[in-house]
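Hi everyone, thanks for coming. Please take a look at the structure on the screen, and then I'll walk you through a few parts of it.

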Amino acid sequence: MRTKLTRRQIETTLAAILAAAAGVVGISSRNDADPVSHKILKLHKVDRFDQPVALAQPPGASSPLFVVERHGTVRVIADGVTQQRPFLDLRRKVKHAGKGGEQGLLSIAFPHDYSRTHRFYVSYSDHRDALRVVEYRADTNDPLRADPRSARLVLRIAEPTTKHHGGQLLFGPDRYLYIGSGDGGPSGDPNGVAQSKRSLLGKLLRIDPAPGPVPAAPPKPDRRAGGRKGKQPTPAKPAPYTIPPDNPFVGRPGRDEIFAYGLRNPWRFSFDRAEDRISIGDVGDVRFEEVDVLPIGKARGANFGWSAYEGNAPLKDGVPRARTVKPTYVYPHGRRCSVVGGYVVRDPRLSQIKGREIVGRYVFGDFCAERIFAFRFRAGKIGKERKLRFELPGVTSFGEDRSGRIYVLTYGERGERGFVYRLDATRKPTG
């Protein structure tokens, strides 16, 4: 026997169906201005690449996108089309085969004056397992091609193993170059390099990559006063980079390049374009992963605790917890095992996804989980973690273009080539 439904029951049933449909893909909600559609967060597939690990865009909204492939090439996406010819090919210089799969061409960064100087910077693992930061110039006659002869070594950091090299390069809002450097392994940091201010391992470094002034030459010997004859001193060369005068250990014990220390493997970090904050995804050891979010000023000279602490768990004596910065967010190993730092979403195109607003949330990933996650950080407190409903095998990195759009980079699965995706919003008809 049929039962006649009331209008209220029909409306309730329809509302339940629509709510269920909204949860199938991404994050969605009803848009009051358009009652017959939902605004859904989706992933737009930009293109396929060979193990992409970094994405950057030079200054200028119309500039192309540059995608770093781990095996040693940089690809260009110009006007939405990936160019067949690499922008830069360093496959002969880069070591990408090693235990742990953490080596290769790792990052690219463009300074604010790139359009004038054509200079840019890459980081990679060389054939002696060291981390190199190298300056190149784009071809003045072909902006989609770098000049391989223009290479200038800025910084080289010797590494004890093939793991934990970090390697991200990013120009901060102060226009200095920040460099993420891992502790170099082995597991547990047995030599304590992350806590040592005499080592560049396990640090966030901050430099001006422009060559420094030429040091004053030593005085020539005065032969009239009995000075020794012989080989004249070698002319002094300019320093390969300059130290910002307000770095925390300038004039104090410790390497002048260090901005912050006590990190295990800051594989990916970012700056919030709307607020004066830095977010660091620090890859953990055997128990915990952590994300550190704090104002840039408080990060200056900060000790993030490794290897005295992993997450909030004490590992070694000698470093009081009060002298370290506690992690903003910690999660244990399990289905997740390797944090991939992301960005605070500021893209206005992603606004008004009500119920689970994504703008203002920090979006990050985990290489093992095949998922991306998000949380909100307000007044020192963390909101509830959200899991975005996208299956993404092998999340390796995130990127942000000049307009604030967020990109997700993946290795793919089963040996296939990876992808670059962009977070987009779309309206999906409900009727």
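Two strands pair if DSSP finds at least two bridges between them.

Now, where this comes from. This is a predicted model, in which local features need pLDDT of at least 70 and side-chain atom pairs count only at pLDDT 80 or more, while totals for chains, interfaces and linings use all residues. Residues are numbered from 1 along each chain as its sequence is written, and side-chain values use heavy atoms, with hydrogens and water left out.

The term pLDDT is the predictor's confidence in each residue, from 0 to 100. The protein chain has a mean pLDDT of 88, with 84% of its residues at 70 or more. Across residues 1-37, though, the pLDDT is below 50. Where pLDDT is low, the predicted coordinates should not be read in detail.

Next, the hairpin of strand 27 and strand 28. Strand 27 (residues 395-400) pairs with strand 28 in the antiparallel sense over five bridges, and Glu 400 sits opposite Ile 406 of strand 28. Five residues lie between the two strands, and in this hairpin Gly 404 has a positive phi near 95 degrees.

Is strand 28 enclosed or open? Buried means under 20% relative accessible area, exposed over 50%, and partly exposed in between (1.4 Å probe, protein chains only). In strand 28 (residues 406-410), five of the five residues are buried, so the rest of the structure largely encloses it. Ile 406, Val 408 and Thr 410 point one way, whereas Tyr 407 and Leu 409 point the other way.

Strand 3 (residues 52-56) is mostly covered too, with five of its five residues buried. Its antiparallel pairing with strand 4 (residues 65-69) runs over four bridges, and Leu 55 has Val 67 as its bridge partner there.

Finally, which cysteines form a disulfide? Here a disulfide is a pair of cysteine sulfur atoms within 2.5 Å, and the count comes to one. The pair is Cys 337 and Cys 368, with sulfur atoms 1.6 Å apart. Cys 337 lies in the loop between strand 21 (329-332) and strand 22 (339-344), and Cys 368 in the loop between strand 23 (361-366) and strand 24 (371-378), so the pair ties together parts that are 31 residues apart in sequence. Cys 337 is partly exposed at 25% relative accessibility, and Cys 368 is partly exposed at 34%.

How values were computed:
Contact = heavy atoms within 4.5 Å.
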